Amino acid sequence: MKKAILTALVPLLMATSAAFGSQTIGFDDNNGTATAGSYNSTDTFNFDVNLTFTNPPASSPGYSLWLEVPTALAPFITITGAQHFVFTIATDGEAMPWNFNDSSGADSGYLTEKSATQAGDLGATNSTAVAPGSSKIENISFALNGAPAGTYVLKSTIASPKTSELSGSDFSDNPFAAASYTITVVPEPATLSLLALSGLGSFGLTVLRARRKG
């Protein structure tokens with residue numbers, strides 16, 4: 001009996017799994033490691049957002065996208081520009097830069113971006129629904145402003161009310177799994193020089209004290 005039930009369930013499960021599509025986004029800075037970069041504390045950088053989705057949905061009129069950064073980096077990074085492809089009508093067209101100063105939809109220890117009066121949705125729509133496939137949908141530009149040295153992980157959001165997701169023409173909401181980009185901020189060359197000089201000075205004082213004791 002159990003064998004008969006399992007035999008009947010397998011085709012059903014296969015049919016059910018085939019009824020669900022998938023939707024993913026990924027970041028690519030087109031330089032070395034796609035999802036990571038090292039920058040000085042006042043550098044600018046950008047990365048592409050790539051989308052892949054399969055049927056269903058059979059087509060999509062647009063998507064929503066928000067980003068979040070650790071609170072330690074948030075005051076020192078802004079979004080300075082966003083260029084859209086495929087989906088070409090920006091959801092939030094307010095002037096940039098946008099700051100990371102909103103806790104709405106953010107993970108613990110993170111803040112999301114926000115425009116002047118709106119939620120800061122980096123997504124876009126299109127006048128004609130887009131068919132499943134893979135494509136570059138956006139390029140996002142950032143500026144660092146005195147960011148402290150360290151390693152930080154920028155992520156797309158997954159939490160309500162800022163869920164990064166693909167909209168289906170069937171009115172479905174299809175959340176993306178979180179995509180991430182690792183930002184490593186290194187000290188400026190001048191700072192490294194000062195640290196080196198400071199180290200040499202400390203070493204000289206240690207030697208001098210040792211000689212005096214001797």
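**Salt bridges in a predicted model**

There are three salt bridges here, a salt bridge being a side-chain nitrogen of Lys or Arg within 4 Å of a carboxyl oxygen of Asp or Glu. This is a predicted model: local features need pLDDT of at least 70 and side-chain atom pairs pLDDT 80 or more, while totals for chains, interfaces and linings use all residues. Residues are numbered from 1 along each chain as its sequence is written, and side-chain values use heavy atoms, leaving out hydrogens and water.

Visitor: How many residues apart are Glu 68 and Lys 155, the two that meet in a salt bridge?

Guide: Their N to O distance is 3.9 Å. Glu 68 sits in strand β5 (residues 67-70) and Lys 155 in strand β12 (residues 150-156); strands are DSSP runs of E, at least two residues, numbered from the N terminus. So the pair links distant parts of the chain, and the separation is 87 residues.

Visitor: Is Asp 107 buried, partly exposed or exposed?

Guide: Buried means under 20% relative accessible area, exposed over 50%, and partly exposed in between (1.4 Å probe, protein chains only). Lys 155, at 19%, counts as buried. Asp 107 has 25%, so the label is partly exposed.

Visitor: Which residues do salt bridges with shared partners join into one network?

Guide: Lys 155 also meets Asp 107 in a salt bridge, at 2.8 Å, N to O. Lys 155 pairs with Glu 68 too. The network is therefore Glu 68, Asp 107 and Lys 155.

Visitor: How close are the N and O atoms of Asp 102 and Lys 162?

Guide: Asp 102 and Lys 162 are both buried. They form a salt bridge, and their closest N and O atoms are apart by 2.9 Å.

Terms used
Helices (H or I, at least four residues) and strands (E, at least two) are DSSP runs, numbered from the N terminus.
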